[in-house]
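The following explanation is to be read alongside the sequence and the structure. Please have both at hand before continuing.

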Amino acid sequence: MARSGKEYLEALRHNPPNLWYKGEKVEDPSTHPVFKGVVANLARLYDMQHDPKYRDILTYEEDGKRHAMSLLPARSKEDLARRSAAYKLWADANLGMMGRCPDYLNAVLMAYEHSADFFGEFADNVRNYVAYVREKDLATTHCLTNPQVNRAKPVTEQPDPYIAVGVVKQNAEGIVVRGARMLATLPTADELLVFPSTLLKEGPGADKYAVAFAIPTSTPGLHFISRESLVAGDSSYDHPLSSRVEEMDCLTVFDDVFVPWERVFILGDLQRCNSAYAETGALMHMAHQVVVLKNAKTEAFLGLVSLIGEAIGADAFPHVQEKIAELIVYLEAMKGFWARAERDAQPNQYGLMCPDRSAIDGARNLYPRLYPRINEIVQQISASGLITLPSEKDFEGPMGPYLEKYLQSATLGARERVQLFRLAWDMTLSAFGARQVLYERFFFGDPVRMYQTLFSVYDKEPYKARIKEFLGWSESPKAEAVVGN
């Protein structure tokens, strides 16, 4: 059933992931300086499911049990609205800055379960696995792209056939996989989902890379090798975001990892791998969660710059009002995408109610281009206030009275003003903030390829037909011209 924070922590301590940081095994992420903040934050999110104020938003009841709302089967537009309300509540709790809350991949699992027939012989594996995740209320993560050894060549032509994750062998009990993938975010999850993420090209030997499965993060032979941490300190005053929601990103290594048959979802089928997200509705549902998350994030930025402008009296200036209004326009655009995605939702061939793809595609192609500008607006309005940022201990030391006098603002005392600007720093200029910019630029992949995909899937014919009608063209004006000549 819907788990509590205590249950998440107990499970993590009992079966910790095979997690490595700076050459050392992390035995207990809940107490490790790098991971304890995000672990505590995730536990807090789970506890919200049991708070009477939030329970009916974050969970639903079935057969006398409470389950995470992000696993509610989407059979109607009303279900989509219930799901997005839960997404928004968790997103707001983190100012939209935590991209791997469990609801993100729960959206994918829910879609896979409802469209399980797509998986053919492995359909029951998908159904049973999602039922297991729902019952235990597990946190899942996934690993995405292949290592960047030589992007000019396909996986079959890399220096080693197991640079990318591929099947080494199979037997009566399951399969063995070897290779590596980037980019596993939130390695403190219970389970790792290995789904197709990039298109696989046909060719000799390519079928061994066509695989999808799920395994516990504690599976022998599976290793999460962490990048350097962005946690700058424990103080939530000095580092309001990095101390809480530094999710961590890892290289995921599969050193001949055994996967039992019941956890295999796709094997040796390139076509299924390449169409799994779109055909099952998983693409639209994961993007639905993301659109809600980006709305929460943009709202947080709007609140931030509004408070900063007010605090230092800058919001009386026309150029500052213009910048804040620009952010308002971005927010209203994202709210429009969200609303239309649910309003124009349609069931797929499996009866799953899917958010409108055109609205979803608009949001996920636009936001990577908006986000750097949002950061720029924060920096332009904050100006040198983002630099003069003493620490919490400075206020407690002998220089405290000076800080109280010289760092006050029009509406805030010095401590509150510095705290506000420290949040702005962590959102935009700290190592954590810089990672967020890169994350948003490439969240759904290469922006150029995303635009190419949008160009290929978007129905442009009605708009072409309108222009032809206005110009008085027949269906084939060029053909008629040839005949006339």
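In which crossing, left-handed or right-handed, does α5 pass α6? The crossing of α5 past α6 is left-handed. The model in which this is seen is a predicted one. Helix α5 covers residues 102-114 and helix α6 covers residues 123-136; their axes lie 9 Å apart, and the packing angle is about 140 degrees. Angles over 145 degrees count as roughly antiparallel, and α5 and α6 are therefore classed as oblique to each other.

From α5, the residues that make this contact are Asn106, Leu109, Tyr112 and Glu113, while α6 contributes Val126, Arg127, Tyr129, Val130, Ala131, Val133 and Arg134. By residue class, the contact of α5 with α6 comprises seven nonpolar, one polar and three charged residues.

Helix α5 also packs against helix α9, which spans residues 282-311. Here the axes come within 8 Å and cross at roughly 155 degrees. Since angles over 145 degrees count as roughly antiparallel, α5 and α9 are therefore roughly antiparallel to each other. The crossing of α5 past α9 is right-handed. On the α5 side, Asp103, Tyr104, Ala107, Val108, Met110, Ala111 and Tyr112 take part, and they meet Ala282, His285, Met286, Gln289 and Val290 of α9. This contact of α5 with α9 is made up of nine nonpolar residues, two polar and one charged.

Helix α14 (residues 414-428) and helix α15 (residues 431-442) have axes that come within 4 Å and cross at roughly 45 degrees. The two helices, α14 and α15, are therefore oblique to each other. Their contact joins Asp426, Met427 and Thr428 of α14 to Phe432, Gly433 and Ala434 of α15. Three nonpolar, two polar and one charged residue form this contact of α14 with α15.

What volume does the second largest pocket have? The volume of this pocket is about 360 Å³. Its lining holds 20 residues, of which Arg3, Ala11, Lys136, Leu138 and Asp190 are the closest to the centre. Two elements, α1 (5-14) and α6, each give two or more residues to the lining. The lining of the second largest pocket divides into nine nonpolar, four polar and seven charged residues.

Two features of the backbone remain to be described. Most residues other than glycine have a negative phi, and most peptide bonds are trans. The peptide bond from Met182 to Leu183, however, is cis, and its omega is near 25 degrees. Leu183 belongs to strand β7, which runs over residues 174-185. Leu186, in turn, has a phi near 65 degrees, a positive value in a residue other than glycine. Leu186 is located in the loop between β7 and β8 (191-194).

Terms used. Residues numbered from 1 in each chain as written. Predicted model: local features only at pLDDT ≥ 70, side-chain atom pairs only at ≥ 80, totals over all residues. Heavy atoms only, no water. Axes fitted to C-alpha atoms, helices over the stretch in contact; angles between N-to-C directions. Parallel < 35°, antiparallel > 145°, perpendicular 65-115°, else oblique. Left-handed = near helix turned anticlockwise from the far one by under 90°. Contact = heavy atoms within 4.5 Å. Nonpolar A, V, L, I, M, F, W, Y, C, P; charged D, E, K, R; others polar. 1 Å grid on protein atoms, 1.4 Å probe; cavity = no way out; pocket = protein on both sides within 12 Å on 5 of 7 lines; lining within 4 Å. Points joined across faces, edges and corners; volume = space filled by probe spheres on them.
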